[in-house]
Structures are given as structure tokens and as C-alpha cells.
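Colleague: Hello! Could you show me how to read the features of a model that is new to me?

Modeller: Gladly; let us look together.

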Amino acid sequence: MAGLAADNLTCIKRDRVLFTDLSFCLSPGQLIYLRGPNGAGKTSLLRILTGLSAPESGQLMLNEEPLDKVRDRFNQQLIYVGHKAGINGALTAMENLRFWCAQHSTDFNAQQAYEVLARLGLVGLEDVPVRMLSAGQQRRVALSRLWLKQAIYWILDEPFTALDTDGIELLETHMREHVANQGAIITTSHQPLSKHAGPFTELALEYRL
Amino acid sequence: MNTLINGIFKRDMALAFRQRSELAQPLMFLLMVITLFPLGIGPGPVTLQKIGPGVIWIAAILSSLLAMERLFRDDFWDGSLEQYMLSGQSVAAIAAVKVLVHWLVSFLPLALFSPLLALFLNLTVDMYIALMLTLLLGTPLLSLVGAIAVGLTVGLQRGGVLLALLLIPVFIPLLIFATSAVDSAALQLPYRAQLAIIGAMLMLAMASAPFAIAYALKVSQN
């Protein structure tokens, strides 16, 4: 099956089994909504999918090939927005985006970046150090990567944290458009996805003792 | 290569410029320690000349421990490190560039101050030249080896003490050879051998440290 396939993943953190033998496939054109209580292992699963942590057992396949062999190709097609936003507070929004694009070998077009920031409601704040912005605005800066880099796979960990209702709607609409364009998204969220996000598959993790 | 220059080198330089006060702290610490010595020990030129090289090198090692922590700390806590690892670039190359910038901004200014330090501690011209050479060869070694330990301790709360415990024993050979080079210079003896040993240690560190740093950072992420 095309896409990112998880095959019998098991994750153990500090002697606690988070999940065992978890298999699923994230295919282009699919939105997976990962659900579960605090401590169920949602973030751990997402980090395993990105390759930042290793699973206890099981493996990941990208288009039928072991992910470890095609890691570089996968990274080019991946945007990960984690719990930690990955933006530096001392740099401005524009600098953060410019350096991030350079790191990810993505062409940076200042005009386009201004437009994206404007769409996210950050007009006039482009050249202010990011730590001066509110939590929601910082989150918007982090999420603007989803507009700047062309990538198939989006792995989003609590992307709606600190966003206001307009922001949530904007992001959900963007997610729906991405899925419609053969993108693949896996996201966690504590509030249910609304109709703006379009159809989605649910993947539930349970809290185990 | 472009990625590294535009994405990491320019970023870290811009950040260093924004956070200059934080960068100045270790340097001020070094200057103050060295200023205190002539005051505490007394201005006897012979004594100062005798302890001078050791004092400068010990102060440099201690201040490098202060400066070292910021190398990956912010990137770790704000999540930039995760983004580097997913950028498709080799983490070792990114780490090498970050260490280079760190050396440029925290140790190179030391070279600018060193004539002043030599004056404080009554070093002769020969000793000063030897000191400069050991600093130029030795401080990149401090940065490279220090970065491995920083990579390992970056995820820990209060990693600073552990960092000192890990690093100070490792820096002892460097301290011995560096001060011995300056001592030889004071006696008008050749000190090429000591420089060559420090140079060899630096070469080894340049070749292997970036990979060790990358591995340490990966372990810290897991």
C-alpha cells in the first residue's frame, strides 16, 4: 500500500507499555485523527513516525520500503509541527521562516512568506522577535510552515493549542485542502475536529497502566 | 552546503548578535578572574610570569564551561533541534557548523583580549606568541569536545554541574600541553612538540567529534 505504514509498533516508556502491535497506514488523501487521553502515547507515536524516537519493536515502511532506507526522501516530504514549536523567540517571524526554509532545502520567497503570515493574521508582526508575540500568534508562526513547504506528509502534534476559533477554522480548512490534493495528515487534538477538516479516520489510543 | 550556510551559519550568527550580552558573560568572567590574580597574589613580576599561562588556560576552560551550555540548550527546549533532525541534512554537518559559530563568537574574542591579559600577568613576547598559538589550536578542541558532552546533557535539568564533571578531566591533557608550551617559550626552548600534540588532538576531534555530537543529540531526543 502506498503511504506511510506502521507495522506492529510497540512503544515502552519508563517501563510503561504505551501501545503494542499497533499497525495502520497513512496514505495520501487521508487524514488520521489520533485520539486518546493524556499519557496514552500520542506524542510518542508521532515522534516514532517522524523518526525522532525509535520504537521498542516494529517497523515503519514508506511505499513498501523500510523507512530507514529512504529517510532522506521521507524528510523532504515531511512537515512536523511538534509540541515544541521549533521557533526561536529571539528571531523574528520572517527570520525563523527564512532559516527554517533554508534548513529544509525549500525555496524561500519573502513575498510569499509575507502573504502567508498575513493570511494567518500576523500583519505588522513579521519583524518583531517572536517571544514578544502571544502564545497563539507564536503557534501561527510555527504553523505557517504548512503553507511554505510542499510536502505530502504532515505530522501535527496538538496543532490547535492556543489557537482561537478563527485560527482553528483556518488550519482545518487548510488541512482539508491538503488532503484533497493527495496530502496525508496525522494529527492529535483534544478537541474534536469540526466539519471544516473534512472526512477523517479515527485512531484511538487507550491509556494503559 | 548552501543549506548549512543559509540555514545554520547565518541563523546562529544572527542569534549571537541578538544575544550579545549573554555571549559577553563568559568573556567578562574570564577577564575578571585574570584581573583578580595580580591583585590577590601581589604584583611580583616573577611570580606572575610563572603562574600566568596556567591562570589564563584555567580561566579559559572554566569560562568555556559557562559558554558551552548555550550551544544546544535553546534549540533543544524550543524544538529547533527536532526540526534540524527532520531537515534531511546530516546532523553531524549541522553540529559542526554550530560548533564553528560557537567558537567564532565565544573564543575568537578571547584572542582580541589576550594582549591585555599578557600585560596583566607580565608575559614576555615569546610567551605571548606561544600562548596565542596554544589558544588558537586548543580552544576549537574545547568547543568540539565540549559539544559532545553538551549534546548528552542537554535534556537534563541542571546539566551544568554534570557537564563540568564530564569535561574537566577530559581537558586536563590540553591544559598540561598548553601550559608546558608557554613555559618552554619562557625559557627560549622550542615548543613545537607540544603544539603538534595539541594539533593532533584537534585533528582527531575535528574528524570524529561531529559524529559523536550527532549521536549524543539523537540519544537526547529519544
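Modeller: We start with a term: a salt bridge is a side-chain nitrogen of Lys or Arg within 4 Å of a carboxyl oxygen of Asp or Glu. This is a predicted model, where local features need pLDDT of at least 70 and side-chain atom pairs count only at pLDDT 80 or more, while totals for chains, interfaces and linings use all residues. Residues are numbered from 1 along each chain as its sequence is written, chains are lettered from A and ligands numbered from 1 in the order in which they are written, and side-chain values use heavy atoms, leaving out hydrogens and water.

Colleague: How many salt bridges are there between chain B and chain A?

Modeller: Side chains of opposite charge can pair when their charged atoms come close. Between chain B and chain A the count is two. In one salt bridge, the side chains of A:E95 and B:R18 meet at 2.8 Å, N to O. Over all chains, the whole structure has 13 salt bridges. The pair of A:E95, in helix α3 (residues 93-103) of chain A, and B:R18, in helix α1 of chain B, crosses between chains; helices are DSSP runs of H or I with at least four residues, strands are runs of E with at least two, and both are numbered from the N terminus.

Colleague: How many residues of each chain are in contact?

Modeller: Contact means heavy atoms within 4.5 Å. By that rule, 25 residues of chain B touch 25 residues of chain A.

Colleague: And what area do chain B and chain A bury between them?

Modeller: Buried area is the accessible area (1.4 Å probe) that two parts lose on being put together, summed over both. Here the two chains bury about 2300 Å², 50% of it on carbon and sulfur atoms. B:E82, B:Q83 and B:L86 supply 30% of the area that chain B buries against chain A, more than any other three residues.

Colleague: How do I read a pair of packed helices?

Modeller: Two packed helices are described by the angle between their axes and the distance between the axes. Axes are lines fitted to C-alpha atoms, for helices over the stretch in contact, and angles run from 0 to 180 degrees between N-to-C directions. In chain B, helix α2 (residues 20-41) and helix α7 (residues 108-120) pack at about 10 degrees, with axes 11 Å apart. Among the residues making the contact are B:L27 and B:I34 of α2(B) and B:F113 of α7(B).

Colleague: Where is B:A111?

Modeller: B:A111 sits in helix α7 of chain B. Not counting residues up to four places away in sequence, B:A111 touches B:Y128 and B:M132.
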